[in-house]
Protein chains: 2
Amino acid sequence: MKEANQKNIPIPASKYPRLIVIGGGFAGVKLIKKLSKQPLQIVLFDRNNYHTFQPLLYQVATAGLEPDSIADPLRKQLEPVRDFFFRMAEVYSINHQEKYITTEIGDMSFDYLVIATGSKTNYFGNESIMTHAFPLKQIPQALDLRSHILQNFEAATITTDPDKMECMMNLAIVGGGPTGVEVAGALGELKKNILPADYPELDFDKMNIILLEGADKLLSAMSGFASKRALKYLKKFDVEVRLKTLVTSYDGITAKLNNGDEIKTCTLIWAAGVQGNYPDGLEDDMVERGRLKVDGFNKIEGTDNIYAIGDIALMKADEDYPNGHPMLAPVAIQQGDHLASNIAKMLKGKEPKKFKYKDKGSMATIGRNKAVVDMGKLRFGGFVAWLIWMFIHLISIIGFRNRLIVFSNWVWNYFTYDKGTRLIIRKFIPGNKIKEE
Amino acid sequence: MKEANQKNIPIPASKYPRLIVIGGGFAGVKLIKKLSKQPLQIVLFDRNNYHTFQPLLYQVATAGLEPDSIADPLRKQLEPVRDFFFRMAEVYSINHQEKYITTEIGDMSFDYLVIATGSKTNYFGNESIMTHAFPLKQIPQALDLRSHILQNFEAATITTDPDKMECMMNLAIVGGGPTGVEVAGALGELKKNILPADYPELDFDKMNIILLEGADKLLSAMSGFASKRALKYLKKFDVEVRLKTLVTSYDGITAKLNNGDEIKTCTLIWAAGVQGNYPDGLEDDMVERGRLKVDGFNKIEGTDNIYAIGDIALMKADEDYPNGHPMLAPVAIQQGDHLASNIAKMLKGKEPKKFKYKDKGSMATIGRNKAVVDMGKLRFGGFVAWLIWMFIHLISIIGFRNRLIVFSNWVWNYFTYDKGTRLIIRKFIPGNKIKEE
């Protein structure tokens, strides 16, 4: 029963107007759940059939959690939503005038469109880094990094070449934001508690974990207290932090730095930045610095019923954030929630309300027992901060099953000093990295 | 400090004779653990850095368990073993006269050699089946099958072609042994409890699960009671069982049968047989029907200090098994255990003892709440059998952490009728299957 305005992707007919959501991240999922009883047909497009709980991706990369713990099938999560359909497909472009999208499986028309496509790794145009560094934004990338790190230690056990040994025993992380700090801390923990027992034939005094940050402090979006504490904790985990340092090129073996220094490492983890990630078809003046310009209601300026939420949205109407909101999960969740309320209001003929971000604080964990938390005017670190970090992440993770599995893993890891998922599940093909598209 | 007889794979020097074990399956791991305090340097070679708990592989393929639950890193498991080293590498060949092995990372000499390389999928020389069917012997294969099944349902939601729909909605399993029966039951459970809610736009009356078996009964290695019960339970899960039926060819879409019938299916799971899997270099008269001929002490006939245990070993000296033991985990575990005792005896100058297999029974599970168990002269089925099956598998799985995670998953799946790991983590490339080598 296809209708003309449905274009060619088969979808059951509906008496309701159609809302298409692109992207099943924090923003998109929150929005759809909140709209579950509204008179709408909702169609979600995502390249993957699962939602990724990105804040814990670094634990997959460092063998602390299995990937299935931080992913939840989108169909399962959104089963209770009325008149809801999921299509696993990449969206190529948006025709904002004729109101349809073009995807790898065909075209589909919409009445409302919400773009929640998030962000992707930003290599700042550096080809050599893009080719050889390991990004950490998607589950396959995290798995790939895990295998790569373990494969390097396996290879180190059989090398007699000191240059190769140095390359394999060094790990560099670029970017001193939460991801970089958390990865560095987790690697420090692996070095201290796990690897020496696994590889008795290797000398772990020769393993160096180097965290590089362009600014003059770590966690620059957080308080001075958090920056200093993070530095102190990382030192305890034997992580070498180099501030005011940029990587200018990397060939898979040698990272060249802006100060002329070089680091020999077979593993360069790139956590230095993200950029917006959106389909083609929008006008140039709708885009600024890679993000989509939205008004105070998350509507893309110059369009009708087309919205953007989460990392991809650049909203300057919130007075406290004149350059736009930070690209963080809490912003995405609040925008998804708020836009859902506004759409429900508009469906009833009511006026929508402006979005206002409520910053509930930010946090980062650094290995075992250590974290930093900024919460309003409170700043604290250490064990209490770590417990808060654990609690917040555990209650935030989607799906009770995942919560149970993550909790079991953490309890196990904590009391045994073990990390159970040290599996290599790819063939060792140097340079064979999973790239973002 | 390399010595001439060490060949070129670097390994710390030892005052003890060197035992090389090829393969970290049930047999190899059991042997090494039992030899942990003996005056030996033990070197284990495996292509993977983990041990696979194969009896639960089918649950990974059917989204019941994450792969990390049924795998355990070999280095971690064998950490307590004295003078033990692991090398992740494929072994190419054995020079049984000069006593060294050749691997992808170089050569290594041995004083004792234990071949515990297990078995691989047997396609009985059928090229078309080898190319297009899904084997189920390794973790990457199970993950690949899981993604393939889910991708087919995703693709079915957008097709309007009835032939394609039929191909995508049908699943065929070849082989009515424990693996085939267990996969079929698990798929039946998915059809009944999970998929209709996940894919409301599909008509699951059109989904057919077809189990094909060449013999005139299922589970032919078990009792007549078990065979009949398995058939009854599979019918409850809406699995169509065709006995005395062989697949003669399969092109990825159509399976041709020996009775002239055809089955349209995009998914043919091949669980019809296994064959020995061993390195080159042994004499032809050491091999029979793809397995290595061993005497009653698991020694390969015509060699000095070279042993084979587990699936790969063909021992006719055990009077109850004149054609060799069944290729099952309990045989492998008992042979690993027994050979370790014999090696310990020989190191002390004592006489080794002959191996005798103690059959403690066999079992298979069929979906939720149902299993069949043969134990001595006892035969039972149903819920009690299912509880026994769960208990035995839970206590057998290596590593307490894995046990905890598997148990959490099962409890969750049981009470919620959910299976949480329905993730597609590969790109959809038709025919892009992970093959055994």
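How many Å separate the centres of domain 1 of chain A and domain 2 of chain A? Taken over C-alpha atoms, the answer is 33 Å. Keep in mind that this is a predicted model, where local features need pLDDT of at least 70, side-chain atom pairs count only at pLDDT 80 or more, and totals for chains, interfaces and linings use all residues. Residues are numbered from 1 along each chain as its sequence is written, while chains are lettered from A and ligands numbered from 1 in the order in which they are written.

**View 1. Here are the two domains of chain A.** Domain 1 takes in 4-47, 89-121 and 275-347, and domain 2 takes in 127-272 and 368-416. These bounds come from an automatic or database domain assignment.

**View 2. This is chain A as a whole.** You'll find 11 helices and 25 strands in chain A; helices (H or I, at least four residues) and strands (E, at least two) are DSSP runs, numbered from the N terminus. Along its principal axes, the C-alpha trace of chain A spans about 70 × 50 × 45 Å. Of the 437 residues in chain A, 50% are buried (a residue is buried if 20 or more other C-beta atoms, placed from the backbone, lie within 10 Å of its own).

**View 3. Chain A meets chain B.** Here 38 residues of chain A are in contact with 38 residues of chain B; contact means that the C-beta atoms of two residues, placed from the backbone, lie within 7 Å. On the chain A side, α11(A) gives the largest share, 5 residues. By class, that side has 20 nonpolar residues (Ala, Val, Leu, Ile, Met, Phe, Trp, Tyr, Cys and Pro), 12 charged ones (Asp, Glu, Lys and Arg) and 6 polar ones (the others, Gly among them).

**View 4. Look down at the rotation axis and Ile405(A).** Chain A can be laid on chain B with an RMSD of 0.0 Å by a turn of 180 degrees and a shift of 0.0 Å along the axis, so the two copies are related as by a two-fold rotation axis. The superposition is by least squares on the C-alpha atoms of residues with pLDDT of at least 70 in both copies. Ile405(A) comes closest to the axis of the residues of chain A, with its C-alpha at 3.3 Å. The same surface serves both copies: 100% of the contact residues of chain A recur in chain B.

**View 5. Helix α1 of chain B is largely enclosed.** Among the buried ones are Phe26(B), Val29(B), Leu31(B) and even Lys30(B).

Technical notes. A residue is buried if 20 or more other C-beta atoms lie within 10 Å of its own, exposed if 12 or fewer, and partly exposed in between; C-beta atoms are placed from the backbone.
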